[in-house]
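Me: I would like to learn how to read a structure one feature at a time. Could you take me through this one, giving the idea before the case?

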Amino acid sequence: MVEWLAGNRIIGTTAERPNFGLPSGSVGGWVELGRASNASLPDVTSLADKRYLMFLNFQESNNSRPTAAIRINGDSVSNYATRGSANGLSDYINVDQTQIMFGGQPQGDTTTVPYLTVGYIANLAGKEKLLTCHNVLSYQLGAGSSDPLERRATVFKWDNTSDPIDQLSILTTAGGSFNTNGELIVLGWDPDDTHTTNFWEELASVDLSGGAASSLDSGTFTAKKYLWVQILMEQTADSNYPLRFNSDSGSNYAYRYRTDNGTEFLHTSQNGVNLRSTTANLPVFVNMFILNNSAQEKLIIEHDVKSNTAGAGNAPLRTEQAGKWVPTTNQQITSIQLHSGSGNLNTNTIMKIWGSD
C-alpha cells in the first residue's frame, strides 16, 4: 500500500517510511477552537494557542448600515495596520488603527442583507500577527438589482510580538448595529495536532474518470451552513463554464470579478455563476467558500488559477470573484453542478465539497 514519500516519489509502505519527527497518530485538520453565535457582535475568547487560525464570520445588517471590523485580544490601542481593496478599486491603506475594518456598508434602504467573511491568521507569539481575509456582502437584495453585492480583499497586521491570539471580537467602525443572529467561528491548526475532530466534513467527491462529459454533478449532499468547494478541471474548448446550485438554471445569480488585476465586471440576473474562460485542455484550480443559510441569499467567495499557456515561460492567470444565488424559495444548497461552456469537461475533472454547521 502506498503511504509515504521515498526518494521524492510516492512509494513505500508503512513499515518502510522513515521517521521525520511527525506524530505517530493521524495529523489533524482544522479544529474548532471556539464560536459565538446569535450575537450582534460575536466575541470568541479563551482560544488555544495554535500556529495558524482560520475564522468564518456571518453577519446580517439592518438599515443602520454597520461596517464590520475585528479586534484581537481586546487590544484597543493603535496597534493595527491594514491594506485593502473593494470591488477591484485602488488599494486603501490605514495605519495606527484601534481595530481592523474588513467589510463595507450595505445600501441604506435594505434591512436584512448578509455578510460572509473568511480569514486566515499566522499566529506565532514572537512575531507580528499577519492576517488576510475576503469578504462579500449583499449590497442590495436580489440577483437583478443594480448593485447586488460588494467584494472586499484585505490584509492586515497586529503589531504585538509577545502574545499568541486568544480572543477575536467583531465590532463596527461606522456606527450602526448588526442583527442578533451573527456568528464568529475560529478554527486552529498546528503541526503537532493529532486530533480527528476536523471541523470540515467531506460531503461529496465526484470526478469524470469514467469519461468526458458536458457537466459534472455532485449528487445530493447533506445541507450545511458553510460550504468549501474545490474543483480541478479541464475542458476541450476555451470558454467560460457556469456553476449552478440545486440544478437551478433561472436568472437567480449575480457575480462580480476581475482577472489579473484588470477591469472589474459585474453581471446580474445570470443563469449560473460563471467561472472564467480557460485555455482548452489545460488545468484550472478553483477554491470557493459559500454561506448556505436557508433564510439568506447564498454568498460566494471564489478564487481560481488557470494554467493559461503551458510552460514556465508563460505566467498563469488568476481570478478573484464574489457572487450570490437568490433562490425563489427558502432553501439550502444540497447539490452543485459544473457545466462546460463549450465542448466537454475532460476526464481528469474533479469536484470535492466539504461542509460544516
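This is a predicted model: local features need pLDDT of at least 70, side-chain atom pairs count only at pLDDT 80 or more; totals for chains, interfaces and linings use all residues.

Me: Which residues have the most contacts inside the largest nonpolar core?

Reply: The idea is to look for buried nonpolar residues that are joined through their side chains. Here the largest such core has 30 residues, and Phe245, Ile336 and Leu338 are those with the most contacts inside it. The elements that give two or more residues to this core are the strands E15 (201–207), E17 (226–233), E18 (239–245), E19 (253–259), E21 (273–278), E22 (284–291), E25 (336–339) and E26 (350–356). Apart from this core lies another, of 26 residues, which includes Val44, Tyr80, Cys133 and Phe178.

Me: What is leucine 338 in contact with, once its neighbours within four places in sequence are left aside?

Reply: Leucine 338 is in contact with Ser214, Ser215, Leu216, Ile231, Met233, Tyr241, Pro242, Leu243, Leu275, Leu345 and Thr349.

Me: Is leucine 203 buried or exposed?

Reply: Leucine 203, which is found in strand E15, has a relative accessible area of 16% and is therefore buried, because the cut-off for that class is under 20%. Not counting residues up to four places away in sequence, leucine 203 touches Phe221, Thr222, Lys224, Leu227, Ile353, Trp354 and Gly355.

Me: How many aromatic pairs does a search of the whole structure find?

Reply: The search finds 14 aromatic pairs, and one aromatic cluster is formed by Phe199, Trp200, Trp228, Phe289 and Trp354.

Me: Which element gives the most to the lining of the second largest pocket?

Reply: Strand E12 gives the most, with four residues, while E7 (80–86), E11 (129–137), E12 (150–158) and E24 (317–325) each supply at least two. The second largest pocket has a volume of about 170 Å³, and of its 15 lining residues Ser85, Asp91, Ala153, Thr154 and Glu320 lie nearest its centre. By class, the lining has two nonpolar, seven polar and six charged residues. Glu320 also lines the largest cavity.

Me: What is the phi of aspartate 96, and where does aspartate 96 lie?

Reply: When reading backbone angles, one can look for a positive phi in a residue other than glycine, and aspartate 96 is such a case, with phi near 50°. Aspartate 96 lies in strand E8 (residues 92–97), and its relative accessibility of 57% means that it counts as exposed, because the cut-off for exposed is over 50%. Serine 247, in the loop between E18 and E19, likewise has a positive phi, of about 60°, although it is not a glycine.

How values were computed: Residues are numbered from 1 along each chain as its sequence is written. Side-chain values use heavy atoms; hydrogens and water are left out. A nonpolar core is a set of buried Ala, Val, Leu, Ile, Met, Phe, Trp, Tyr and Cys residues joined through side-chain atoms within 4.5 Å. Buried means under 20% relative accessible area, exposed over 50%, partly exposed in between (1.4 Å probe, protein chains only). Contact means heavy atoms within 4.5 Å. Rings of Phe, Tyr and Trp (its six-membered ring) pair if their centres lie within 6.5 Å; planes under 30 degrees apart count as stacked, over 60 as edge-to-face and the rest as tilted. On a 1 Å grid over the protein atoms alone, a cavity is a set of points where a 1.4 Å probe fits but cannot get out, and a pocket is an open set with protein on both sides within 12 Å along at least five of seven lines; lining residues have an atom within 4 Å of a point. Grid points are joined across faces, edges and corners, and a volume is the space filled by probe spheres set on the points. Ala, Val, Leu, Ile, Met, Phe, Trp, Tyr, Cys and Pro count as nonpolar, Asp, Glu, Lys and Arg as charged, and the others, Gly among them, as polar.
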